[in-house]
Amino acid sequence: MMRAGPSQEEIRRHNLGVLLRHVHLGGPTSRAELTTRMGLNRSTIMALTADLTAAGLVREELPRETGRAGRPSLVVRPESSRVYVLAFDIGVDRLVAARVGLGGVILDRYEAARPRGVFVLPDVVGRLAGFTTRMLRATGPDSVCVGAGVAFSGGVRSSDGFVRFSPNLGVAGVPLREELERALGLGVPVAVGNDANLGALAEQARGVGVDCRDLIYLHGDVGVGGGVITGGQLLGGHGGYGGEVGHMVVNEGGRPCGCGSQGCLEAEVGERALLEAAGRFGTRIGRDAVRAVVDAADRGDIVAQDALARVGDWLGLGVANLVNIFNPEIVIFGGMLREIYLGAAAQVRSRVATDALRACRENLRLRTPLLGDDTTLVGAAELAFAQVLADPLDALARVGA
Amino acid sequence: MSSQPVLEIRGLDKSFGPVQVLHHVDLTAHAGEVTALVGDNGAGKSTLVKCIGGTYTADAGEYVFDGRPVHITSPRDAADLGIEIVYQDLALCDNLDIVQNMFLGREKRSGLVLDEATMEEMAAKTLDGLSVRTVKSIRQLVSSLSGGQRQTVAIAKAVLWNSKVVILDEPTAALGVAQTAQVLELVRRLADNGLAVILISHNLNDVFAVSDRISALYLGRMAAQVKTSDVTHAQVVELITSGRSGELGLQNVNGVTA
């Protein structure tokens with residue numbers, strides 16, 4: 001049966017979500033500005049803010065000063081300290097847990113280094129639950145947790161948050177979402193996503209890619225993850241595994257990759273490739289080791305310079321391919337790729353200049369993340385908030401607030 | 001990418017006595033873009049910047065700002081137009097704090113006393129607008145800051161005055177890798193916030209990391225002004241060292257003028 005159109009109630013719920021999103025992403029906004037931005041009339045905005053205020057999601061205040069004549073328009077602020085989500089970041093070398101308030105404010109955070117080696121799901125989940133217990137102890141009595149999001153360094157099935165593969169964490173086939181929901185025991189929905197995909201969303205929402213509809217975020221951990229946003233939509237693929245640009249083969253018969261293939265982008269530009277080329281593999285690992293190579297190159301160490309140039313060249317080739325396929329407006333280098341890009345930009349951009357089509361690259365911007373090392377964590381928070389923004393009142397009702 | 005440049009220099013000549021340092025130099029800078037000014041030692045980069053900033057007066061040439069021809073005869077003229085230059089020595093006072101440095105010589109007053117609250121708020125807002133997270137307190141003495149933080153303060157000072165063009169002379173020289181990365185990101189952010197930035201650098205990697213255009217000076221002549229996305233590292237090296245690279249650059253390097 002065909003439906004005639006959305007009902008009044010559906011439109012109201014949609015508008016509530018849109019208004020809340022404006023305030024969540026744009027910060028405190030005056031009613032007058034919301035009226036302009038949403039294209040609704042003043043009384044509708046008033047009714048919507050009244051609903052959100054009653055639900056405890058926003059509050060209205062008089063602005064400090066407007067510098068203009070006339071009665072000032074009330075400013076709508078997100079209730080950041082009251083309404084929050086839990087955000088987790090599971091990387092190869094670190095575990096992060098944070099409590100993030102509506103509006104994107106990090107209220108509290110815990111971080112621990114993760115030793116490399118076998119990934120034991122109960123251990124990781126236990127650590128995150130432990131952090132959560134400590135964070136919850138510090139919350140006020142009227143605060144409410146509306147969801148949880150996880151950024152995971154690996155391929156995650158979108159339907160149920162099941163980890164399919166993660167060559168760099170050395171794990172495959174574990175029910176991450178299920179286990180974490182059980183360990184947290186908060187009765188809030190947990191959403192799990194690939195860290196690079198979430199990084200792309202975070203930089204688009206609050207970072208260097210605001211207002212960009214075509215964006216690629218490359219995340220260097222030990223390997224390379226990718227998040228591709230085209231036409232404003234994250235490219236998820238059929239099962240949610242899309243955007244694995246780290247496993248794009250750039251060098252046939254090249255270095256072996258953790259995924260079992262050879263010459264993947266991450267095999268040629270990942271941490272191990274850089275450290276081996278610099279003759280430094282084995283002693284130090286992680287971000288510090290990558291930084292040490294860039295530092296040595298800067299000080300004139302020829303071996304380190306060559307290693308960085310070689311990695312930069314492969315990275316440029318990978319980016320050139322992506323630029324030809326997706327014609328992005330911006331490519332963002334996050335995680336350890338930030339150091340590699342800034343240290344080898346001459347190689348990366350020379351490659352893009354020679355290998356990418358002029359029409360595809362002419363307005364391309366290459367950037368590092370505005371959110372720094374928190375990009376993936378912020379992405380996890382935004383994933384959790386997505387459900388709240390889709391239908392604020394329903395989301396509150398579900399968590400019993 | 002705006003079509004009309006904020007700053008346009010045409011045919012600038014500058015001599016010191018019998019020595020002609022700049023020969024008919026053109027340079028443009030666009031809002032929202034980083035223009036890298038590269039060239040070997042003695043190519044004339046510093047002289048060009050000092051002409052732009054009013055420290056030197058050009059012998060000949062046109063100076064167009066925001067589409068209007070202007071005459072710059074002193075650094076004050078340049079500052080009034082909204083052109084700020086951050087020199088390598090940064091010109092910060094170690095014995096003053098960040099706010100005092102940012103407002104040095106241009107302090108805000110309310111009546112007879114200094115308006116500390118407003119200055120503090122403006123300084124904080126400027127640093128915040130640049131997403132500077134490395135500075136803990138704006139009342140810290142500059143003597144307690146690292147090289148990268150000093151550079152950050154000097155840059156923030158330059159953008160505090162609603163400037164339109166910011167010229168940075170070797171901002172990453174003498175910095176470690178982590179601080180270089182922060183300063184490069186800051187340079188990029190200035191342009192992304194709408195300023196026209198001119199970056200003088202010897203480090204081609206830094207140039208490629210943040211610039212939109214590259215202007216290469218060779219022996220006092222502008223060898224080429226190119227979009228960074230159209231050239232390779234090797235081409236820029238050639239422009240710097242020999243004034244030309246294939247089709248690019250001065251076509252008769254040993255002749256009188258191109």
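## Residue A:A353

A:A353 counts as buried because 21 other C-beta atoms lie within 10 Å, where buried means 20 or more such atoms within 10 Å of a residue's own C-beta, exposed means 12 or fewer, and partly exposed falls in between, with C-beta atoms placed from the backbone. The model is predicted, so local features need pLDDT of at least 70 and side-chain atom pairs count only at pLDDT 80 or more, while totals for chains, interfaces and linings use all residues. Residues are numbered from 1 along each chain as its sequence is written, and chains are lettered from A and ligands numbered from 1 in the order in which they are written.

A:A353 belongs to helix α11 of chain A, which spans residues 336-355; helices are DSSP runs of H or I with at least four residues, strands are runs of E with at least two, and both are numbered from the N terminus. When neighbours within four places in sequence are left aside, A:A353 is in contact with B:S229, B:D230, B:V231 and B:T232, a contact being a pair of C-beta atoms, placed from the backbone, within 7 Å.

## The side of chain A that touches chain B

The contact between the chains takes 21 residues from chain A and 18 residues from chain B. On the chain A side, α9 (286-298) and α11 each supply at least two residues, and the largest share, 11 residues, comes from α11(A).

## Chain A as a whole

Chain A has 14 helices and 15 strands, and its C-alpha atoms fill a box of roughly 65 × 50 × 50 Å along the principal axes. Of its 401 residues, 48% count as buried. Among contacts in chain A between residues at least 6 apart in sequence, 64% join residues at least 24 apart.

## Nonpolar core

The largest nonpolar core holds 195 residues, and those with the most contacts inside it are A:V85, A:V311 and B:V197; such a core is a set of buried Ala, Val, Leu, Ile, Met, Phe, Trp, Tyr and Cys residues joined through C-beta atoms within 7 Å. Beyond its neighbours within four places in sequence, A:V85 is in contact with residues including A:V100, A:C145, A:A381 and A:F385.

## Annotated region of chain B

Over residues 7-244 of chain B, the chain is 34% helix and 28% strand, and the end C-alpha atoms are 25 Å apart.

Notes. Contact = placed C-beta atoms within 7 Å.
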